[in-house]
Amino acid sequence: MEVLPEEDFEEDVTVTDDEDDDEESARNLESSLSNIRITPTVTHITKPRPRVALSKCPSSYKENSSQEKLMLAMAENFRQQYVLLYPDRKALLLCPVNECGVQKFVSTTLRSTLLPYPELYDWEGCASFVADYLSLELLDPPFELPKQLSSPTWVLQTQRGTCFDFSIVLCSLLLGAGYNAYCVSGYATKEMCLLDQSRQECPLLQPQIQDKIEEPKKPIKKYSVKPPRDLQSNFERRQEEKEQAEAEAAALKKQLDAERLQKERERPPPDPLRGLRVHCWVLLLAGNREIPENFFIDPLTGKSYSTTNENFLGIESVWNHQNYWVNKQDCTLGCNEMTFDLGDLSKWEYVLCGQSLSIISEPKTLEEPEDEEEEEMDELKVFEMPPSWVTTINISPADMEMRYPGGMKVIEYRKAKLEKFAPYLLKDGLVTKLTTYKDLDCTQASTIKEWFKHRSDHLDERELHTDSNETTEHFRPGRSDALKYHRYLTLVPETERQMDFYSHIRTDGLARRIEKPFEMTETFEDRTDFLFYRHAVYGKQIKVIRAGEALEQRPLQRVEEHFHRDHSKPASKDVAERIFMVSDRRIQVTFHLEDERIIPAWLNFIKPKEAADSQKAQAFTPQMVSGFQVDPSTKPYTNLQLYEMLVELMKEEENVELCIRDSEKEVRSILSSREKEDSYTDLQISIYNPTRNETARLHMEEKERMAKEKKQRQKEKELDLLAPSQVRLGLPEVLTRQDALQLRTDCLNEFKQQLFNKASLIQSRMEKETEELQKKQQWYQKNYLTMSNEDEDDYLAYCSDAMFRIHVLKMRLIRHKERAPQKYLALEEKLKRHPRLASHLL
Amino acid sequence: MNWQQDEPKVIDEEMLKQAIEEQGPQGQAGDISKKEGVQYEDVLQLRLDYRNILKIYHLWHFTSLTKLQLDNNVIERIEGLKNLTNLVWLDLSFNNIQVIEGLNSLVKLKDLSLFNNRISVIENLDSLRDLHVLSFGNNAIAQLENVLYLRKFKNLRTLNLAGNPICEEESYKTFVTAYLPDLVYLDYRLLDEQTRETAYTKYKYAIEGMQENELQEQQAIEAQKISNEELQLHKDAFVEFLNGPQLYDSMFDEDPDGEKLALLPGMEELLESFKSKMEALCVQIFDAGLTQHAQRTAEVESFFSCSHEAVADNRQKAAQIAADFESSRRQKILEMQQITDVELLEDHISLCQEQASQLSETLLSLELQLVDQLEDIFKDFERSISDMVGGFIEYVQGIFAQCRDLENQHHEQQLEIALATLEKVVKNELEEEIPDDMAMLLVDKDTVTNAVSASHDIHLLKIDNREDELLTRINSWMSGLLKSIHDEEVKRNRKRTSEIRNYVSYVKDELEDMRLSEHH
C-alpha cells in the first residue's frame, strides 16, 4: 500500500472539521465516522503545518546563547570529522532548525519534565499518552532526516509531529519521571514508520494470560485408600490413545497449514525502501526506576519492544539531554547484536567528552576510569551541555482529559478497528469501541464491543455478536435493581435472556435469572431460608382475569426448589427439594440426606380438591400421601403431622407462585427501564469534577463569596476609636487638617481623663478601706478587755481580711500608674497610623 | 364468681384431656387428631389456668412440653415438674407458693413467672442458667441482699420485683441496678443510662470488690481446669506423675523401715543421689511418653481422616447413583400410569424390576469395594499402631529395669551402711545419739538385714506396679481403639446394606402394587 497524500486529504478534512463542532453533533459524528471508510494509512496528517507566530515565542527560541553557539560550533567540528572518517555513512541529525528557524543542538531540545498527572509517572503511561495525544506527520521523503525539529512545547500545542517530535516529547517526559531514556535515530520497517498496524492483532483482542491457579495437590496421606482396581485392558486403552493422538496431530497439521496459507496470502509486498526508512524511537536503559532490562519504546504506538526486535533495522545515533553518541557497530543484520554500553568507546562515539559518562556507564566500568577521568576533567575543563532552550512543558487538565487530537482517535488493526474517545465527548458516554471483522478488508463486522464511562445507568461494557444478534452488557455496582450482567437477543419480555445480579445488595439474594421461552431458572445466594435454586416451567399462554383486568399469563406447570442444609434441623426433617407439580395437583418433598445415608427420605402429596360450586372440599385422607423412609425403625408421621405439612405446602405453593409472578414483573420493569436508559442516557458527573459539575462549582463559588464577606465584616467590626469624637464634630465627610488635629487631641484627652479617673477610683477605695480598719482598731482598743473570745476572733479575722484587701488595692494602683503612660503612648501611636488621620498628621 | 366456691382440685386425666382438646388443632386438623388420639409426649404447649388446682399431678408424660401455664390456681407447692425438661416458659403466677423448689431439672427454662405468690426468699434456681425473664412481683421478699443471688444468671435481662417489701427501701432501685448490670428492664421499665450511672457511682467500691472476688474465683477455676487438662494429657500418654519425684516418694510412702533407716548416718547423701537418679529416669519415661503420645494421636488422626474421606467419597458416589435412579424411576412411573395396555405395562414393570435389582447390585458392589479398601488401611493402621505401642513398651521396660538396678544398688549400699553402723553401735564407737526407733533396729544383724530387705522389697514392688499399670493401660487402650474401629465399620456396613435392601424392596413393592392394581 502506497501513501497517497492527496487522496487521504479529503477524508481528513471531514474528520477534522467535525472535531471542531461541539458535542451536539457528537452522535452524528459517530455514525458518520462509522460510515466513512478510512484507509489504513490515514493514521497521519498531511495537512501543512501551522505557522509559528514568531512574536509569541520566547527569546530562547529565536536566538542562541553563547554557550549554545559554542555547542553548535563543536557539533559542526564533530560533523566534519565524522564525514571525513565515515564518508559512506549518512549524515547525522545534530543541529536541525527549530520551528523558529534557528539551529539548535538536538540534546538541548530535550526538556526533562515531570507533569502533575499520576498516569504520567511510569513509562507505560507516558508512552501511551504521547501515542494518543499526537498525530503523526510522515517524513518526506521517508529516507531522509527531517530538516526541522520542533520544540516539545510547540509539538504539544499543535498536537502533531514527525516521529522525531514524538520521541523528543516522550523522552522529555521519561527523563522527568526519572528514567534513563534516550532518543534513537535509525531505520525501521515500513509498518513501523508509517504507523501501519493493520497487520497486527489488536492488543485488546489478545487472549489475556490468566495465571492458572494450580490446584494444590492433595498430599498422599499414609492411609489413603487405594483406588478400586481398574479392570480395563491397558492395551486397548493405549491403542485408543494412539488413535486419538494421531487424529489430533492430523487436525493440528491441517490447522497449521491453513494458518500458513493464510499468512502467505496476507504477507505485504516487499518494501523497496526497506532499511532506508528513517525512524526515531526511544531507548530505555536498565538501572533507573527498577527497569531490569534495556528496551525500545515506539512513540507512535506507545508499545515496548525488546532491543532485538526485527522491526528495528539500524541505529545511527542516540542522545539524551546531556550528550550525543554515534553508533559504531554494524547494523546490517538489524539491531540484534548491538550493545548499549554507551561508555564503550569502541562501539559508541560521544560528542561531548567525559562529562555525564559516569551517569550512563554501568557501575562496574565506572570504577576504573573514574580516577583518570577526574584528572582529565581538570585538565580539559569539560564543556557541559547547555541547558535546554525549551520553556517548561505544560499540559492543561482539559487537554489531558481530551487526550486524543480532537478528542478521538481511530486505529486499524488486523481484522479489527479500535475507536477511542475522550470521556464526556460523546453523549452516550462511549469511550472505546472495538469492531472486529470476519474478513481482512474489514467489511463484515463480527462483534462490536463498546466501553462506556460515567453513564448514569452504570453500563460499563456492551458486546454485540452480529451472527447470533446476541447482546451482552456489564454493569457497575450501584443500580437500584442491582443488575450486573445482561445477555439478551431482544428487550421483549418472555424471551431468552440471562440476568446476573449483585446478590449481596438484593434482599432476596438473587444471583442469576436465566429465562427461556417456557422456563425460568433463578439461583440465589446467602438466603436465610436456605433456598438456592428455583426452576419454573410454564404452559401455553392463557387469559387470566385478575382484579377485573384480563391479563395474558403463562400458567405455571411445575416449580422446583432446592435448599441448602439447615443445620438447626435434623436432616430427615430438613427439606432439600420441593417440587410443586401445579398442573398435576401434586407436591413432592425430598429431605436432606442423613449422615452416612445415600438415599433420602421423601413424601409425595396429592392435593385435595378445593370446594367448587356444588361440591364440598375434598377431605384429607392418608391415601393422599405416600413416601419412603430410609430407616424403617423411625416413628412414622402421624396423620395430623402429614395434614399440617400439606396445608403448609399448599400455602407455600401460593407464595411461590407470587414470587415467580413478582420476578416476571421485575424482568418487565428492568427491560422497560433499560429501553428508556438506552434511548436517553445521562452522564454522571462526579462531585469532585469542578469543571463539569455545575452545582459543585456554584457551591464552591458561593462558599468563597461567603468567606470573603465574613472577612469583610470582621474588618468593619474592628473598633473605631475616632467615632465618638467624630460624632461630636458632626461626622464630616472629609476631615480637614484642623479637624484631624482636633480629633486627635480630643481623643487623647479623653483617654487621659479615663486613666486618671480609674486611678482616683482605686485611690478612694483604698482610703475608705483604711479608714474603716482604723475605726475598727480603735474600737478594739477600747473594748478588748470586756470582749469574749469569739468576738476577738471575729475581729482578728476582719483585720487580716481588710489588710489583704488594702494590699490588693495598693498593688493595683501601682500597676495602673506604671502602665498608664504606656497605654497613652500606644494610643497616640495608633492614632498616628489611623487611616483617616494619617494623611493629616504626617 | 363461682370458681371461688369450687373445691380445690388435683390435676387429673380428664382435666388434661379437656385442656388438650380445647387447645389443640381446630377444624379438619382437629378431626384428624381426634380420630388419631393425642399422645401426651407430643404436646408442646399446655394451659391450665383458672382451674382451682391445688396440686400439680399427672404431668410426667408431657416430656416435650415447652410452655406450661399454671397461673391463677391455688397451688401451694411446686412439684411434679421434674420430667418436663424441655420447658422454656413456665407461668406459676397468682398461686399460693411459699418456697421455690422442684425446678432444678428444668435447665432450658428462659421465662419464669412467680408473680403474686408468697415467696419470701429467692433460692433454689442455681441450675437454671439460661433464665432471661424473671417475675417475682407481689411476693414477700424482704431482704435486699437476696437480689445478689441473681448475679449468677448472666442472661437475665428482665426482672420484676414490684410489690415486694424490699421496694419500700429507698435504695432499692439503685441497688438492684448496680448489682445486676446486665439488666435491661426492671419492674416494667427500661433502665436508662442515668439510673445506671448513679447506681454505679453509689455502689462503685462494693461492686468492684465483689467483681474482684468473682474474678479471682473465675481464675482459680480456670487454673484448676488447665491443670486438670494437663493431667488428663499425661494420663492419656500413660505417664502421669512421672515428671518428678512422685514415684520415688511413693516408694518411701508405705515403707516404715525405710523411714527409720533413713536416719542412719550417711544415708542422707545416699538417698539424695538415689532420688535424683530415679527422678532423671522417670523424666525420661515421661518425655518419651509424651512424644509417643503425640505420634500416636497424629497416626490415629491421619487414619480417621483418610477413612472418613474414603467413606464420604463412596457415599457421594452411591448417593449420586441412587438419586439418578430415583429420578428416572419417578419419570417411568408417570409414564406407566399413562399406559393402558396390560401387557405393555407388564413388560415395563418387569424391566423396572430388573433395573432395581441391578441398582441393588451396583450399590452393594460399591459398598463391598469400600469395605475392602477400609480393611486394607485398617490392617496397615493396626500394624503401625501396635509397632508404636510395642516400641514404647520396650523402651519403658528398659528404663524400669534401670530403675530396678538403681534400687538394687541402693539396697546394697544401704545394707552396707546399716551393717557398718550396727558394728559401730556394737562397739559403741558411734558419736551421735541414736533415736529410739533406730535403736530397735540396730539390735542384731538379722534384724537390720530384714529391715533393709523389707524396704527394698517394697520399693521393687512399687516400681513393678507402676510398670504393670502403664503396660496394661496402654495395651487396653490399643485393643479398645482397634475394636471400636472395627465395630464402627461393621455397624456402618450393616446400616448401608440394610438401607440398600430397604430401598430396593420399597421400589419392588411399589411395582408389585402397580401390577396388582392393574390386574384387578
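User: What makes strand S5 (residues 89-91) and strand S6 (residues 111-113) of chain B a pair, and in which sense do they run, parallel or antiparallel?

Analyst: In this predicted model, S5(B) and S6(B) are joined by 3 bridges in the parallel sense. At least two bridges are required for a pair, so the 3 found here are enough. One bridge of this pair sets Trp89(B) against its partner in S6(B), Asp111(B).

User: To which sheet of chain B do S5 and S6 belong, and how is its pairing described?

Analyst: They belong to an open sheet of 8 strands with the order S2-S4-S5-S6-S7-S8-S9-S10, and its pairing is mixed. Strands of a sheet pair through backbone hydrogen bonds, either parallel or antiparallel.

User: Why are strand S2 (45-47) and strand S10 (189-190) of chain B called edge strands?

Analyst: Each of these two strands pairs on one side only. In the chain as a whole there are 11 helices and 10 strands. Of its 520 residues, 41% count as buried, and residues 24 or more positions apart account for 60% of the contacts with a separation of 6 or more.

User: Turning to chain A, how do you know that strand S8 (residues 312-319) is mostly covered?

Analyst: Of the 8 residues of S8(A), 8 are buried. For chain A as a whole, 41% of the 842 residues count as buried.

User: Where else in chain A does a hairpin join two strands, and through how many residues?

Analyst: A hairpin joins S19(A) to S20(A) through 2 residues. These strands, S19 (residues 510-516) and S20 (residues 519-524), pair antiparallel over 6 bridges, and Ile514(A) stands opposite Thr521(A). S19(A) also pairs antiparallel with strand S18 (residues 497-501) of chain A, over 4 bridges, where Arg497(A) faces Glu515(A). The secondary structure of chain A comes to 19 helices and 28 strands.

User: Why is Thr153(A) called buried?

Analyst: The relative accessible area of Thr153(A) is 16%. The limit for a buried residue is 20%, and 16% falls under that limit, so Thr153(A) counts as buried. Thr153(A) lies in helix H7 (residues 152-158) of chain A. Apart from neighbours within four places in sequence, Thr153(A) is in contact with Tyr61(A), Val390(A), Thr391(A), Thr392(A) and Ile393(A).

User: With which side chain does that of Thr153(A) make a polar contact, and how do you know that the distance qualifies?

Analyst: The partner is the side chain of Tyr61(A), at 2.6 Å. The limit for a polar contact is 3.5 Å, so a separation of 2.6 Å lies within it.

User: What makes the link between Arg597(A) and Glu499(B) a salt bridge?

Analyst: The closest N and O atoms of these residues are 3.9 Å apart. An Arg side-chain nitrogen must come within 4 Å of a Glu carboxyl oxygen, so the pair meets the criterion. Between chain B and chain A, 2 salt bridges are counted, together with 8 residue pairs in polar contact.

User: Which elements and kinds of residue form the side of chain B that touches chain A?

Analyst: The elements giving two or more residues are helix H2 (27-36), helix H8 (267-338), helix H9 (342-427) and helix H11 (445-519) of chain B. H8(B) gives the most, with 15 residues. By kind, the residues of this side are 16 nonpolar, 8 polar and 14 charged.

User: How many residues are in contact across the two chains, and what area is buried between them?

Analyst: The contact involves 38 residues of chain B and 35 residues of chain A. The area buried between the chains is about 3200 Å², and carbon and sulfur atoms give 56% of it. Arg315(B), Arg330(B) and Glu499(B) supply 19% of the area that chain B buries against chain A, more than any other three residues.

Note on methods
Residues are numbered from 1 along each chain as its sequence is written. Chains are lettered from A and ligands numbered from 1 in the order in which they are written. This is a predicted model: local features need pLDDT of at least 70, side-chain atom pairs count only at pLDDT 80 or more; totals for chains, interfaces and linings use all residues. Side-chain values use heavy atoms; hydrogens and water are left out. Contact means heavy atoms within 4.5 Å. Buried area is the accessible area (1.4 Å probe) that two parts lose on being put together, summed over both. A polar contact is a pair of N or O atoms within 3.5 Å; within protein, one must be able to donate a hydrogen and the other to accept it, and residues adjacent in sequence count only if both atoms are side-chain atoms. Ala, Val, Leu, Ile, Met, Phe, Trp, Tyr, Cys and Pro count as nonpolar, Asp, Glu, Lys and Arg as charged, and the others, Gly among them, as polar. Buried means under 20% relative accessible area, exposed over 50%, partly exposed in between (1.4 Å probe, protein chains only).
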